[in-house]
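Subject: Structure handover

Hello,

Here is the structure I promised to pass on. Please open it and keep it beside this email as you read.

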Amino acid sequence: MRAGRRGYSSQEADFRLSTLDNGIRVATNPLPGHFAAMGIYIHAGSRFEPPKLSGVSHIIDRLAFKSTTSRSAIEMEEALQELGGNFLCASSRETLMYQASVFHHDSDKMFSLLSETVMNPVITEEEVLQQLDTAAYEISEIWQKPELILPEIAHITAFNGGLGNPLLCPEERLSEITPDLVREYRATFYRPDRIVAAFVGIPHERAIEITQACLGDMKSDASKLANSQSVYTGGERIVPMPEPIGNLPQFYQLHVYYRGVSISDPDVYALAALQTLLGGGGSFSAGGPGKGMYSRLYTDVLNRYGYIESCLGVNHSYSDDGLFGISASCIPNAAPYMAQVIGNQMALLTTSGAGALNYIEVERAKKQLRSSVLMNLESKMVELEDLGRQIQLNDNKVPVAEMCDKIDALTPSDLRRVAERVLTSSPPTLVMQGASREAFGDVAKVLKQFGLGGDAAVATESKGWWS
């Protein structure tokens with residue numbers, strides 16, 4: 001076993017990382033408390049799927065905690081319920097994670113169950129068919145919710161391959177996914193060199209013992225699996241309106257994104273601060289500064305234009321790329337004005353003249369961002385996921401004190417520089433939902449008049465988010 005220790009200040013002074021002989025990395029942060037949290041993180045997800053395995057990530061996370069070679073699905077459920085706590089499995093573009101939190105004295109038992117569902121699932125025909133039916137229902141439901149479906153379409157539009165692969169299983173792929181295909185996916189990605197075992201609240205030596213006992217028998221693979229590459233292209237897509245629900249009003253949607261930065265980019269903190277500064281929300285947002293009431297998009301858009309239903313700053317960062325922009329919805333008659341409103345808000349982030357970023361709002365955004373980071377990390381499960389995913393992607397963990405220091409060091413000129421870098425160096429990604437493309441006017445042309453982005457892309461009709 002290869003071991004190493006990295007010392008950090010404050011509560012992360014005991015963060016440690018070791019590697020088992022088969023290549024599995026074990027990371028720990030022994031924070032005090034009544035509960036322990038543990039997780040198994042696999043470097044897999046939709047961005048890595050070749051065409052043959054497209055959509056399998058969506059199905060495989062729902063097959064967690066079902067039957068294994070040593071117990072039935074009912075016995076697995078009973079064992080989990082007996083331990084209490086909480087547990088989950090979720091897939092994303094770059095990670096498949098299995099994690100749980102229980103009392104300390106049940107840590108061994110819970111990690112054993114996590115390991116069992118990772119290493120020894122049976123994957124029966126009945127279980128797969130049941131999850132395919134569930135996925136079909138999810139796809140039909142999510143298509144009715146613009147706030148969920150349009151960001152997915154934006155990724156598909158923005159990137160060629162990799163991050164542009166659909167996160168949810170394409171509808172036409174449901175009939176192609178079989179137990180054998182799920183096993184092929186597992187054989188491809190469930191390898192020790194792609195696995196991180198993370199523990200919060202458990203001493204490092206004990207975590208190594210637990211991991212060795214449960215996962216030490218996994219065979220290492222000398223071959224290297226090439227990670228998929230994403231190419232940012234930008235683009236434009238029009239999405240039909242969903243079926244109306246009763247007498248509820250329907251709003252047109254416009255999402256404008258540009259190429260963002262990766263999580264390892266030094267500018268990631270400035271871009272996160274810009275998103276916080278933009279803030280925003282819906283027309284019925286209530287509360288104080290913590291809910292965006294003093295953010296730019298709330299004060300300068302939602303408070304000023306009654307025809308806009310929602311307006312929100314958006315930031316997605318991944319291991320090698322990202323998206324940054326603004327999403328908005330409005331009454332149908334206001335669609336022609338949306339590009340002007342969004343373009344103006346983006347352009348003001350890059351200017352040094354009237355409307356430029358000022359010291360007070362930048363300081364407010366920095367405090368909000370730092371507060372959000374610290375409050376989220378108060379949860380052991382969030383701390384666990386942060387630990388596991390940082391080790392998985394960077395083989396290191398940036399301490400929270402360092403994050404806060406980098407946020408505190410930001411200045412208005414830093415944010416303006418990063419805004420100019422992001423908003424003026426790539427073609428836009430435009431996603432519109434309305435009765436017709438013509439309702440929005442020439443969005444790319446309007447944005448270019450504000451000095452934003454590169455060349456406009458060609459619009460395409462979308463019959464479903466996976467198209």
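First, the ground rules. This is a predicted model, in which local features need pLDDT of at least 70 and side-chain atom pairs count only at pLDDT 80 or more, while totals for chains, interfaces and linings use all residues. Residues are numbered from 1 along each chain as its sequence is written, and side-chain values use heavy atoms, with hydrogens and water left out. Helices (H or I, at least four residues) and strands (E, at least two) are DSSP runs, numbered from the N terminus.

**Two helix pairs**

Start with helix H2 (residues 73-83) and helix H3 (residues 107-119). Their axes come within 10 Å and cross at roughly 155°. Axes here are lines fitted to C-alpha atoms, for helices over the stretch in contact, and angles run from 0 to 180 degrees between N-to-C directions. H2 and H3 are therefore roughly antiparallel. The cut-offs: under 35 degrees is roughly parallel, over 145 roughly antiparallel, 65 to 115 roughly perpendicular, and the rest oblique.

Which residues of H2 and H3 make the contact? From H2 come Met-76, Ala-79, Leu-80 and Leu-83. From H3 come Lys-109, Met-110, Leu-113, Glu-116 and Thr-117. Contact means heavy atoms within 4.5 Å. By class, the contact of H2 with H3 has six nonpolar, one polar and two charged residues. Nonpolar covers Ala, Val, Leu, Ile, Met, Phe, Trp, Tyr, Cys and Pro; charged covers Asp, Glu, Lys and Arg; the others, Gly among them, are polar.

Now take helix H8 (residues 268-278) and helix H11 (residues 359-376). They pack at an angle of about 105°, with their axes 9 Å apart. H8 and H11 are therefore roughly perpendicular to each other. Tyr-269, Ala-272, Ala-273, Thr-276 and Leu-277 of H8 meet Glu-361, Val-362, Ala-365, Gln-368 and Leu-369 of H11. That contact has seven nonpolar, two polar and one charged residues.

**A covered helix**

Helix H10 (residues 335-348) is mostly covered, with ten of its 14 residues buried. Buried means under 20% relative accessible area, exposed over 50%, and partly exposed in between (1.4 Å probe, protein chains only). Among the buried residues of H10 are Met-338, Val-341, Ile-342 and Leu-348. What covers them? The cover of the buried residues of H10 includes strand S11 (252-259), strand S13 (308-317) and helix H14 (412-423).

**Loop residues**

Ile-123 lies in the loop between H3 and helix H4 (125-142). Its phi is positive, about 60°, although Ile-123 is not a glycine. Ile-123 is buried, at 5% relative accessible area.

Asp-395 also has a positive phi, near 55°, in a residue other than glycine. Find Asp-395 in the loop between helix H12 (380-394) and helix H13 (400-408). At 36% relative accessibility, Asp-395 is partly exposed.

Ser-54 sits in the loop between strand S4 (35-42) and helix H1 (56-60). Is Ser-54 buried or exposed? At 15% relative accessibility, Ser-54 counts as buried. Beyond its neighbours within four places in sequence, Ser-54 is in contact with Glu-49, Pro-166, Pro-170, Arg-173 and Ile-177.

**Cysteines**

How many disulfides are in the whole structure? A search finds zero. A disulfide is a pair of cysteine sulfur atoms within 2.5 Å. For Cys-311, the nearest cysteine sulfur is that of Cys-330, 10 Å away. Cys-311 is buried, with a relative accessible area of 2%. Cys-404 counts as buried at 10%.

Best wishes
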